[in-house]
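Reader: I have a fold on my screen and would like to talk through its side-chain contacts. Could you walk me through them?

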Amino acid sequence: MAIINPDIRITAAARFDTEAVVGNKILKQTLQQQSGTDARRLSRLSLIAALGAGLLRGQGEICPDCAVFLGTPFSSPSVFAKMVDNVLNHHAAMPFDFIANLHNAPVFHAAQTLGTHGATLAVATERHLETRFHPLLLAAQSLPNGGQAAVGWAYEHQANHADTREGSIWILLEHGAEHGVPVTLDMEAEKAEMSSRQAAAQSETQRYYWQDIADFLETLFLADDLPSDKPSPIMMARAEIL
């Protein structure tokens, strides 16, 4: 495995899972209880991203200028469908739906939940190998000395992936940290495993959309060079609403 930057380490990680049958009201209530965020105007994708970011906030100290990078395959599909229906079938424009569906809205709300005012970037990312590591690579390349970046992957249900669960995964990168796990990638190994993973994805139901990212992180944490009698310094915080 090649280390992206020996000075950058993952110091915290979190994962939030849910599924399409869970109503937005439940997600909004949970976010309100978790972080005090007013979730009335948030899209479902923003809720999913913010709930995962809230878990990350509880795992480590977030600097006020922490940058936030979020990968997602689409802006909120449910809000987009509602907006199109209102315009085409009811001839009604809904400004708040448009604002909620801006491509960077989920990363903005994630940063709000983290309590940071640093740079934010939404990255169009899908689960295939060609793009799924883009948020991580962009964050690592832009991280200044002593800086922090929260990197996330979020997914809201789409009709063309009917059997995949929703959720978000988050990690905290720190430049110059003395603890944590180095960020390493083995693209050749990823390519070799891609076909078998795709076949497994087609045969499984309710598979998590970002399962490859979850598997990558789990492997990374377990593979860290530690004595066998010592636990990994990173334990992924998890929560689910199913």
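**Salt bridges and rings**

Author: Gladly! Glu166 and Arg44 form a salt bridge, with 2.8 Å between the closest N and O atoms. Please keep in mind that this is a predicted model.

Reader: How many residues apart are Glu166 and Arg44?

Author: Glu166 belongs to strand E6 (residues 164-175), while Arg44 is in helix H2. The pair therefore links distant parts of the chain, and the separation is 122 residues.

Reader: Is Glu166 buried or exposed?

Author: The cut-off for buried is under 20% relative accessible area. Glu166 has a relative accessibility of 1%, so Glu166 counts as buried.

Reader: Which residue meets Asp17 in a salt bridge?

Author: The structure holds six salt bridges. In one of them, the N to O distance is 3.1 Å and the partner of Asp17 is Arg238.

Reader: Is Arg238 buried or exposed?

Author: Asp17, at 4% relative accessibility, counts as buried. For Arg238 the relative accessible area is 53%, and the cut-off for exposed is over 50%. Arg238 is therefore exposed.

Reader: What parts does the salt bridge of Asp212 and Arg132 tie together?

Author: The side chains of Asp212 and Arg132 meet at 3.5 Å, N to O. Asp212 lies in helix H8 and Arg132 in the loop between strand E4 (120-124) and helix H6 (134-142), so the parts tied together are 80 residues apart in sequence.

Reader: Now the rings, please. What is the angle between the planes of Tyr155 and Tyr209?

Author: A search of the whole structure finds three aromatic pairs. Tyr155 and Tyr209 form one that is stacked, at 4.2 Å centre to centre. Planes under 30 degrees apart count as stacked, and here the angle is 5°.

Reader: Which residue forms an edge-to-face pair with Tyr209?

Author: Edge-to-face requires planes over 60 degrees apart. Tyr209 has such a pair at 90° between the planes and 4.9 Å centre to centre, and the partner is Trp210.

Reader: Which residues form one aromatic cluster?

Author: Tyr155 is buried, at 0% relative accessible area, and both Tyr209 and Trp210 are buried too. The cluster consists of Tyr155, Tyr209 and Trp210.

Conventions: Residues numbered from 1 in each chain as written. Predicted model: local features only at pLDDT ≥ 70, side-chain atom pairs only at ≥ 80, totals over all residues. Heavy atoms only, no water. Phe/Tyr/Trp six-rings, centres within 6.5 Å; stacked < 30°, edge-to-face > 60°. Buried < 20%, exposed > 50% of the residue type's maximum accessible area, 1.4 Å probe, protein only. Salt bridge = Lys/Arg side-chain N within 4 Å of Asp/Glu carboxyl O. Helix = DSSP H or I, 4+ residues; strand = E, 2+ residues; numbered from the N terminus.
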